[in-house]
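Me: Please take a close look at one helix pair in this model. Then set the pair in its wider context.

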Amino acid sequence: MSKKIETPTTGVQRRTLLQGTAGILAAGVFPAIHAQEKIVLRYLGTAVNQDKAIAEKFKADTGIEIQYVAVTTDDVTKRAVTAPNSFDLIDTEYFSLKKIVPTGNLKGIDTKRVKNADKITSLFTKGEVAGKKVGDQGTAPIKVIFLEGEKSKAFSKTPTQFMSLIPTTYNADTLGIRPDLIKRPIGSWAELLNPEFKGKAAILNIPSIGIMDAAMVVEAKGIHKYADKGNMTKAEIDLTIKTLIEAKKAGQFRALWKDFNESVNLMSSGEVVIQSMWSPAVTAVRSKGIACTFQPLKEGYRAWASGFGLPATLSGKKLDGAYEFINWFLDGWAGAYLNRQGYYSAVLETAKAKMEPYEWAYWMEGKPATQDIKSPQGDVIAKAGALRDGGSYEERMGGIACWNAVMDENEYMVRKWNEFVAA
Amino acid sequence: MSTVIRATATASSPTRTLKAWWQAAPFALVFLLFFLIPLALIAMVSLWNFNEYELIPAISPRNYFAIFEGCSHLTDNGDLCVTLSTYLSTLKFCLLVWGITLLIGFSVAYFLAFHVRSPGMQTLLFVLCTVPFWTSNVIRMISWVPLLGRNGLVNQGLMGMGLVDTPVEWLLFSDFSVVLAFVHLYTMFMIVPIFNSMMRIDRSLLEAANDSGASGWQTLWNVIVPLSRTGILIGSIFVITIVMGDFVTIGVMGGQQIASVGKIIQVQTSYLQFPLAAANAMILLAVVLMIIWGLTRLVDIRKEL
């Protein structure tokens, strides 16, 4: 091998080859520069929200291309803080705003440029569902949705012209159960630590969300009443983790999970019969033909919400493109698409216009399906006559007890959570 | 072989030494850019302060104190502090996995080197050993789940044969399954270097041992083991360093219920607590370096190679 390279002929060949490559590269570069007139938006978010169909439909409607950058929930925050120029549009959860906004990496979204801004559901703008206040423990969107100005690093308590995030999807999470293996009604968060399910329970191993589920259990068992589950004191964190450690030592948990697919596997293999779960995971278990219920509980739901934000440095055509995307997103087609997946969309009336009445009745009004309900991909996910878990939008979102949160004592909480994992 | 190279190197002219430096330069540069500088940065950040969203340059041992906080006494539940119990658990896995992979790796390498005579067959069997590496690490781990789970193949088999009445729970998400997966994943790292050392053993030594009346075990213990110790050492370093830093295997096979140092670092980085993670990484590095230093005390690896 080395001998060959030393011979002069091969040397020449190599040089011509290099020149050729350089030529090809140069030829390849020029069209790329011309093509920049078209707008390409880099969309940073988690894979769950990055639907290919949405990007395709948007491109067909406007000619603007969406380039998905898929990372995990925690990594979205990490990149927003450490690499704010690596995306043009961010899709992140409201609770991570407490970390992102103080860095000044996000631009306030001018609601005057968002056509349907005043139609965004009152859950976000007033903290109400159908005129009734819902639980606001934790990082409720109402606490962080408004900014004091376009370049503000502080949240405003009253509505302003500038929003930190425009909501995309939101939902209320609860426990998932296997009704065929449990064989009795489940009505309380306390059941997660019921010794009856020893070795058959699971909780999620994302500290900031797992601790909230644990807090729901602690309160349901009557051990302690929190002033704010989403912002515990050190003593409350100690107590919550102590309860978890005792349960773990008694062998309550079969596993902890971090990834959406892990929760699906645990449930469908029967390793676990009751666990913290996310709504699309329940759908995934069901689509395998296995009974799984997203069980409404009397203490209420732990809610989450995510939305679009704009990086502070975004300007010119890309900024216009981003606003165009937001306007398109709130215009109904995307909302209807998301509603059919079991999420809720930000502007309900535009989404309603793009859904069939029977679909709207099943997904949003909690009425029995008058015909088979299909997912956007065309799979039947509920037979005629079926009811949605948790009932109507009002029943479900009105039953929110707390929101995903970042606590003031976050560092201490993460340390204590590691203690639970190590115990 | 090595003595020849060393002799020419020392006797060479200055231009030759310069050439040698140039030859070493590319790798040295890569090493500097992608290892030493980042490492220095990590060491620096481990002394910084931080809050929810930013790192604050400082020189304070706060992160190191935070890691060892409460380690002087037992917790209320009668446990060691997180750091100590995590390191103990990681070391326990390290020791178990090292012992088992050494035993299996040595046996397989011995079989390949001394019992399989034809080089063609040797190559074939060697390639066979690498077959598990053709699929991704994660898939290999996950495929244990339907095998060892509560309704998995093993449990169905055991119950079908009437050996047990209820499913055996400790097969999955336990220390057992973690060690099993580690052994499955990393035995190869033992086989390769040991096999390599064994192939370099002069066969006439074995004949000499045989002629002198040594039994098979005596030859193994007094001739083969000492002569393949470089391979054993290199394999051990591979296995120990990988197990010390692993968090994916322990996470998946332990049902996320077993702590590992790597997992703690991962959780901390995902919550933007980089200085804490950096401090943890420095401690882990120090522990691993101490283990390797201890191992190289046993065998002078540079002399042997």
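Reply: In this predicted model, helix 3 (residues 52-62) and helix 13 (residues 316-329) of chain A pack at an angle of about 110°. Angles of 65 to 115 degrees count as roughly perpendicular, so helix 3 of chain A and helix 13 of chain A are roughly perpendicular to each other. Their axes are 11 Å apart. The crossing of helix 3 and helix 13 of chain A is right-handed. Helix 3 of chain A brings A:Phe58, A:Asp61 and A:Thr62 to the contact. Helix 13 of chain A brings A:Glu324, A:Phe325 and A:Trp328. By class, that contact has three nonpolar, one polar and two charged residues.

Now the domains. The assignment for chain A gives domain 1 (40-172 + 304-355) and domain 2 (175-299 + 392-422). The C-alpha centres of these two domains of chain A lie 27 Å apart. Domain 1 of chain A puts 22 residues into the contact, and domain 2 of chain A puts in 20 residues. On the domain 1 side, helix 5 (97-100) and strand 10 (166-173) of chain A are the elements that give two or more residues. That side of domain 1 of chain A holds ten nonpolar, eight polar and four charged residues.

Last, the partner chain. Here 32 residues of chain A are in contact with 25 residues of chain B. Elements of chain A that each supply at least two residues include helix 4 (73-82), helix 5 and helix 10 (234-249). Helix 18 of chain A gives the most to the side that touches chain B, with seven residues. The side of chain A that touches chain B divides into 14 nonpolar, eight polar and ten charged residues.

Notes:
Residues are numbered from 1 along each chain as its sequence is written. Chains are lettered from A and ligands numbered from 1 in the order in which they are written. This is a predicted model: local features need pLDDT of at least 70, side-chain atom pairs count only at pLDDT 80 or more; totals for chains, interfaces and linings use all residues. Domain bounds come from an automatic or database domain assignment. Two residues are in contact if their C-beta atoms, placed from the backbone, lie within 7 Å. Helices (H or I, at least four residues) and strands (E, at least two) are DSSP runs, numbered from the N terminus. Ala, Val, Leu, Ile, Met, Phe, Trp, Tyr, Cys and Pro count as nonpolar, Asp, Glu, Lys and Arg as charged, and the others, Gly among them, as polar. Axes are lines fitted to C-alpha atoms, for helices over the stretch in contact, and angles run from 0 to 180 degrees between N-to-C directions. Angles under 35 degrees count as roughly parallel, over 145 as roughly antiparallel, 65 to 115 as roughly perpendicular and the rest as oblique. A crossing is left-handed if the near helix is turned anticlockwise from the far one by less than a right angle, and right-handed if clockwise.
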